[in-house]
Amino acid sequence: DPAGRPVSRAFVNEASLGLSGETVMRVGRTSKRIGPRLGFVAGAVGAILGHRPVDVAVEVDGSRVFEGPVSLLVAANGRFFGAGMRVAPGAVLDDGRLELVLVRGLSMPRLLVNLPSFYLGRHGRHPNVSFRAVRSVVVLPKEGSAPVEVDGEAVGGLPMRAEVVPGAIRVHAR
């Protein structure tokens, strides 16, 4: 949590860190005045302008898969976040897996140039972006920290663990 205490939270759509956490902290200040979509774009640009990648270790399903600087990491159940950003184009809500989107550390100019590709779902073409279907992900800070957000709400900082709980949510419709 913001005070540094461990907490457990459920999420439906996504849990993420880095640029998304920085963006969420900025969006609340602007989206009420200019609307959610433009508010998220403005928040993302502001976050990019002040962004520094965070040095982390990433473990997937119990195995370390990455160590180094990260600009964005998303554990997504759904395909979209940020008022229409298609961050996890391969995510499937009911497959029992999260789509892990890992954006290895990018400079501010590269992030700005590539921002439109995140809205279009084309960021996977970038060599510093990877996707992987996972059951769990643990992100440990090696140096520094990064803001964590869950379903659009700022919840604190690293470390972060996200895992699938199959069948945890039941939806009834008429």
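Modeller: The loop to start with holds Gly62, which sits between strand E2 (54-60) and strand E3 (63-76). This is a predicted model. Gly62 counts as exposed because its relative accessibility is 70%, and the cut-off for exposed is over 50%. In sequence, Gly62 and Val138 are 76 residues apart, yet their C-alpha atoms lie 8.4 Å from each other in space.

Asp61 is found in that loop between E2 and E3 as well. Its backbone has a positive phi of about 50°, although Asp61 is not a glycine. With a relative accessible area of 40%, Asp61 is partly exposed.

A positive phi of about 50° is also found at Asp151, again not a glycine. Asp151 belongs to the loop between strand E7 (147-150) and E8. Its relative accessible area is 33%, so Asp151 is partly exposed. The peptide bond from Leu158 to Pro159 is cis, and its omega is near 5°.

E7, E8 and E9 also bear on the open space of the model. The largest pocket has a volume of about 1,000 Å³, and E7, E8 and E9 are the elements that give two or more residues to its lining. E9 provides the largest share, four residues. In total 37 residues line this pocket, with Arg9, Ala10, Phe11, Ala162 and Glu163 nearest its centre. By class, the lining has 22 nonpolar, eight polar and seven charged residues.

The second largest pocket holds about 290 Å³. Of its 20 lining residues, Leu19, Ser20, Thr23, Phe81 and Met85 lie nearest the centre. Here the helices take part: helix H1 (19-34), helix H2 (36-49) and H3 each supply at least two residues of the lining. Its residues divide into 12 nonpolar, five polar and three charged.

Rolling a probe the size of a water molecule over the atoms shows where empty space is left. The structure holds one cavity of 30 Å³ or more, and the space in the largest cavity is about 30 Å³. Its lining is made up of Val103, Leu106, Asn114, Ser117, Phe118, His123, His126 and Val129. Helix H3 (residues 108-120) gives the largest share of that lining, three residues. Four of the lining residues are nonpolar, four are polar and none is charged.

As for the whole chain, it has three helices and nine strands, running β-α-α-β-β-β-α-β-β-β-β-β from the N terminus on. Its radius of gyration is 15 Å, which agrees with the value near 16 Å that a compact globule of 174 residues would have. Taken along the principal axes, the C-alpha atoms fill a box of roughly 45 × 40 × 35 Å. Buried residues account for 45% of the 174 in the chain. The accessible surface is about 9,500 Å², and 53% of that belongs to carbon and sulfur atoms.

Among contacts in the chain with a separation of 6 or more, 69% join residues 24 or more positions apart.

Terms used
Residues are numbered from 1 along each chain as its sequence is written. This is a predicted model: local features need pLDDT of at least 70, side-chain atom pairs count only at pLDDT 80 or more; totals for chains, interfaces and linings use all residues. Side-chain values use heavy atoms; hydrogens and water are left out. On a 1 Å grid over the protein atoms alone, a cavity is a set of points where a 1.4 Å probe fits but cannot get out, and a pocket is an open set with protein on both sides within 12 Å along at least five of seven lines; lining residues have an atom within 4 Å of a point. Grid points are joined across faces, edges and corners, and a volume is the space filled by probe spheres set on the points. Ala, Val, Leu, Ile, Met, Phe, Trp, Tyr, Cys and Pro count as nonpolar, Asp, Glu, Lys and Arg as charged, and the others, Gly among them, as polar. The radius of gyration is taken over C-alpha atoms; the globule rule is 2.2 Å times the number of residues to the power 0.38. Buried means under 20% relative accessible area, exposed over 50%, partly exposed in between (1.4 Å probe, protein chains only). Contact means heavy atoms within 4.5 Å. Accessible areas come from the Shrake-Rupley method with a 1.4 Å probe; for residues, only the protein chains shown count as cover.
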